[in-house]
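These are my notes from an afternoon of looking things up in one structure. I wrote down each item as I came to it.

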Amino acid sequence: QVQLVESGGGLVQPGGSLRLTCAASGSIISIEAMGWYRQAPGKQRELVAVIFGGGNTNYADSVKGRFTLSRDNAKNMVYLQMNSLKPEDTAVYYCNAGVLRRVGVVEYWGQGTQVTVSS
């Protein structure tokens, strides 16, 4: 089994910064892709940022230039640095990973961490 554990959410004022961390543990051969989704009340879950095994990253247009996704392969961790936060960034943020296991690539989700941007 594989577990994703998130940390770093909280309340921040507009213009502020937060860093989210996600750590994967368990029976992992390799991580094909890892990143973050978010879901605001009444809205669908959407991709925020993802980093692939080769190191390429994709960002939602709404966060480009403000958010930076990085990873530590040795620790199976990713970090989402969020700067210049806006109220519309308020959501539950979920870590997501595509993990290569003996049965193939399996998708996993974290439990979610709340990010609230408000004055």
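Entry 1, the charged network. I am working with a predicted model. I looked for linked charged side chains and found Arg38, Glu46, Arg66 and Asp89 joined in a network of salt bridges. As background, I noted that side chains of opposite charge can pair when their charged atoms come close. My search of the whole structure gave four salt bridges.

I then took the pairs of Arg38 one at a time. With Glu46, Arg38 forms a salt bridge whose closest N and O atoms are 2.7 Å apart. With Asp89, the side chain of Arg38 meets in a second salt bridge, at 2.9 Å from N to O. This pair links distant parts of the chain, 51 residues apart: Arg38 belongs to strand β4 (residues 30–39), and Asp89 to the loop between β8 and β9 (91–101).

Glu46 has a relative accessible area of 36%, so I listed Glu46 as partly exposed.

I left aside the neighbours within four places in sequence and listed the contacts of Asp89: Arg38, Arg66, Phe67, Ser84, Val115 and Val117. I also found a polar atom of the Asp89 side chain 2.8 Å from the backbone nitrogen of Lys86.

Entry 4, a salt bridge between Asp61 and Lys64. The closest N and O atoms of this pair are 3.1 Å apart. I looked up the accessibility of Asp61 and got 65%, so Asp61 counts as exposed.

Which strands form the open sheet, and in what order? I read four strands in the order β1-β3-β8-β7, with antiparallel pairing. β1 and β7 (67–72) stand at the edges with a single partner strand each, so one side of each has no neighbour in the sheet. From one strand to the next, the twist averages 15°.

I went through two of the pairings. β1 and β3 (residues 18–26) run antiparallel and are joined by six bridges. Within that pairing, I found Val5 bridged to Ala23 in β3. Strand β3 is also joined to β8 (residues 77–82) by six bridges, again antiparallel. There I noted Thr21 opposite Tyr79 in β8.

For β1 (residues 2–7), I put Val2, Leu4 and Glu6 on the covered face. Gln3, Val5 and Ser7 went on the uncovered face.

I found Asn56 in the loop between β5 (46–52) and β6 (57–59). Is Asn56 buried or exposed? Its relative accessibility is 56%, so Asn56 counts as exposed. Apart from neighbours within four places in sequence, I listed Val50 and Ile51 as the contacts of Asn56. Last, I returned to Glu46, 10 residues from Asn56 along the chain, and found the C-alpha atoms of the two separated by 19 Å.

How values were computed:
Residues numbered from 1 in each chain as written. Predicted model: local features only at pLDDT ≥ 70, side-chain atom pairs only at ≥ 80, totals over all residues. Heavy atoms only, no water. Helix = DSSP H or I, 4+ residues; strand = E, 2+ residues; numbered from the N terminus. Buried < 20%, exposed > 50% of the residue type's maximum accessible area, 1.4 Å probe, protein only. Contact = heavy atoms within 4.5 Å. Pairing = 2+ DSSP bridges. Axes fitted to C-alpha atoms, helices over the stretch in contact; angles between N-to-C directions. Polar contact = N/O pair within 3.5 Å; in protein donor to acceptor, adjacent residues only side chain to side chain.
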